[in-house]
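Please read them with the coordinates open.

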Amino acid sequence: MTFKELGLSSAILKAVEEKGYTKPSPIQEKAIPPILEGKDILASAQTGTGKTAGFTLPVLQYLSETKHPKYRPLRALVLTPTRELAAQVYDNVREYSKYVNIKSAVVFGGVNAKPQIATLRSGVDILVATPGRLLDLHDQKAVSFKRIDVLILDEADRMLDMGFVREINKLISFMPAKRQNLMFSATFSKDIKKLAEGILRNPISVEATPQNSTAKKVTHSVFKVDKSRKTEFTIKLIKDNNWNQVLIFTRTKHGANRLTQKLIKSKISAAAIHGNKSQGARTKALKNFKENSIKILVATDIAARGLDIPLLPHVINYELPNVPEDYVHRIGRTGRAGAAGEAISLVCSEEVEYQKEIEKLLNEKLKSTIVEGFEPTDTAPPKRAATQSKGSFGKKKNASNSNSSQGKKPKRKPHFKGNKSNSTSGRGRTGAPKKKRF
Ligand code: AMP
């Protein structure tokens with residue numbers, strides 16, 4: 001299968017070629033044709049599978065083919081959980097839209113809103129945004145959603161974990177009811193399914209990898225180590241193996257800072273990235289890590305999603321996450337786009353239950369090793385794993401069938417004329433307030 005056979009236009013093909021992609025990834029092969037037909041999509045795909053191009057390419061093509069000659073209303077919106085992911089998706093959108101007359105922008109919190117407002121006012125076709133800042137900008141009347149044709153929820157599971165449900169529903173309440181919805185998620189908890197039922201209309205289910213499974217080429221290993229010796233062990237691992245680019249996850253911001261300081265003391269260049277760091281510090285740390293001017297990036301789960309670090313060879317779970325799905329997200333950072341990777345977890349006696357929950361989710365036993373000189377002596381009892389992630393939703397309405405392959409619908413028409421949107425679609429939105437006029 002080639003990109004051309006998927007029905008993409010020559011302008012899009014040219015940009016894809018420049019990126020050096022020779023053939024579509026499995027998720028692109030499955031998602032692009034139905035998206036071009038205007039169908040709703042529920043896609044199971046982790047970062048690293050090429051999902052961004054999977055939704056961006058067909059949406060750009062649709063936008064450019066249905067462009068109004070004079071006006072440039074906002075017609076496509078990509079919502080992402082983190083600022084980093086928003087910035088990264090935006091970079092992709094810009095690259096893929098090089099040869100089409102489509103304007104894109106990105107907005108997220110933690111930085112000055114004024115330039116964002118100016119950009120939005122100048123006219124944007126496709127916007128990438130984090131929910132909180134976008135809602136603020138909408139409240140300030142800097143942006144209108146009245147002409148939204150396509151809504152994309154990227155890493156929807158993470159958005160729920162981060163408690164963005166209310167914002168998402170509010171944002172949707174300002175959009176026309178008739179629109180295309182594309183939802184991407186790495187994991188499918190009950191909550192995510194509920195959210196999908198509320199938003200998607202007869203979605204086509206697309207799966208790039210089996211649900212809740214990790215990338216195939218990642219080798220997982222567990223080292224049993226005492227809690228108090230994890231730092232020492234981490235330093236040994238990095239030094240003995242001469243590793244040059246390692247992403248390390250800790251459970252707390254505090255823990256991330258502490259480990260980073262100890263690594264630096266041991267002459268291993270490192271930086272921490274987490275929610276208490278300013279946007280500037282986060283961007284700088286990520287840039288230095290990507291450019292290899294620091295060896296180690298220590299991150300909390302908030303940074304687990306959306307970091308595009310191609311061919312990241314090693315991920316260390318300094319502590320196991322207590323929500324098993326987070327393990328899948330974390331190790332999605334390694335073994336990317338078909339490359340091999342290594343995920344190492346340091347497990348102390350308190351984390352044995354967490355490991356069991358992860359193994360249950362993966363349906364795979366993780367091989368445990370004890371290293372000479374680091375034999376565990378901890379006797380602290382195991383802590384219980386959280387089996388359910390946070391987040392609650394409104395009532396479920398009109399559950400839609402997944403995997404519909406019903407009668408063909410005609411291709412979509414653009415909405416630029418007046419957008420009589422309210423008349424259509426029995427799609428039930430969860431707890432959405434009444435539409436407001438912008
Ligand atoms: P994503 O899952 O969207 O974060 O993409 C992961 C990485 O795969 C990014 O570095 C993309 O540039 C790259 N990528 C996306 N599509 C392809 C493709 N068809 N062939 C090779 N690399 C790709």
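1. Val222 is in contact with Ser345, Val347, Gln355, Leu366, Lys367, Ser368 and Thr369, once residues up to four places away in sequence are set aside. Val222 sits in strand β8, residues 218–224. The C-alpha atoms of Val222 and Ser368 are 4.5 Å apart, although 146 residues separate the two along the chain. Val222 counts as buried because its relative accessibility is 1%, and the cut-off for buried is under 20%.

2. The model is predicted, and this applies to every point in this note. The chain has 14 helices and 14 strands. Of its 438 residues, 57% count as buried. Among contacts with a separation of 6 or more, 78% are between residues 24 or more positions apart. The accessible surface of the chain is about 19,300 Å², and carbon and sulfur atoms account for 50% of that surface.

3. The largest nonpolar core has 41 residues, and Leu57, Val59, Ile126 and Leu182 are those with the most contacts inside it. Helix α3 (residues 51–65) supplies the largest share of this core, seven residues. A second, separate core has 38 residues, including Leu74, Ala142, Phe164 and Phe174. As background, nonpolar side chains in soluble globular proteins tend to be buried together.

4. Which residues does Ile126 contact, leaving aside neighbours within four places in sequence? They are Val59, Leu60, Leu63, Leu74, Ala76, Val78, Val93, Ile102, Lys103, Ser104 and Ala105. Val59 and Ile126 are both named among the residues with the most contacts inside the largest core. Leu74, also on the contact list of Ile126, is one of the residues of the second core.

5. Ile12 belongs to helix α1, residues 10–19. Its relative accessible area is 0%, so Ile12 is buried. Not counting residues up to four places away in sequence, Ile12 touches Leu57, Leu60, Gln61, Tyr96 and Val100. The pair Ile12 and Val100 is 88 residues apart in sequence, with a C-alpha to C-alpha distance of 7.4 Å. Leu57, one of the contacts of Ile12, is among the residues with the most contacts inside the largest core.

6. Helix α8 (residues 165–173) is largely enclosed by the rest of the structure, because seven of its nine residues are buried. The buried residues are Val165, Glu167, Ile168, Asn169, Leu171, Ile172 and Ser173. The cover over these buried residues of α8 includes β2 (76–79), α6, β5, α7 and α9 (190–199).

7. Lys141 has a phi of about 60 degrees and lies in the loop between α6 (131–139) and β5 (150–153). Glu155 has a phi of about 50 degrees and lies in the loop between β5 and α7 (156–161). Are these residues buried or exposed? Lys141 counts as exposed because its relative accessibility is 52%, where the cut-off is over 50%. Glu155 counts as buried because its relative accessibility is 1%.

8. Asp301 lies in the loop between β11 (296–299) and β12 (314–317). With a relative accessible area of 12%, Asp301 is under the 20% cut-off and therefore counts as buried. The side chains of Asp301 and Arg330 are joined by a polar contact of 2.8 Å. Beyond residues up to four places away in sequence, Asp301 touches Arg158, Thr250, Pro321, Asp326 and Arg330.

9. The ligand is surrounded by 15 residues, of which Tyr21, Gln28, Gly48, Gly50 and Thr52 are the closest. By class, this shell has four nonpolar, seven polar and four charged residues. A polar side-chain atom of Tyr21 is 2.5 Å from an oxygen atom of the ligand. A polar side-chain atom of Gln28 is 2.8 Å from a nitrogen atom of the ligand. At Lys23 a backbone N or O atom lies 2.9 Å from a nitrogen atom of the ligand. The ligand taken alone exposes 500 Å², and the protein buries 82% of that area.

Notes
Residues numbered from 1 in each chain as written. Predicted model: local features only at pLDDT ≥ 70, side-chain atom pairs only at ≥ 80, totals over all residues. Heavy atoms only, no water. Core = buried A, V, L, I, M, F, W, Y, C linked by side-chain atoms within 4.5 Å. Buried < 20%, exposed > 50% of the residue type's maximum accessible area, 1.4 Å probe, protein only. Helix = DSSP H or I, 4+ residues; strand = E, 2+ residues; numbered from the N terminus. Contact = heavy atoms within 4.5 Å. Near = heavy atom within 4 Å. Polar contact = N/O pair within 3.5 Å; in protein donor to acceptor, adjacent residues only side chain to side chain. Areas by Shrake-Rupley, 256 points an atom, 1.4 Å probe, with all protein chains shown as cover. Nonpolar A, V, L, I, M, F, W, Y, C, P; charged D, E, K, R; others polar.
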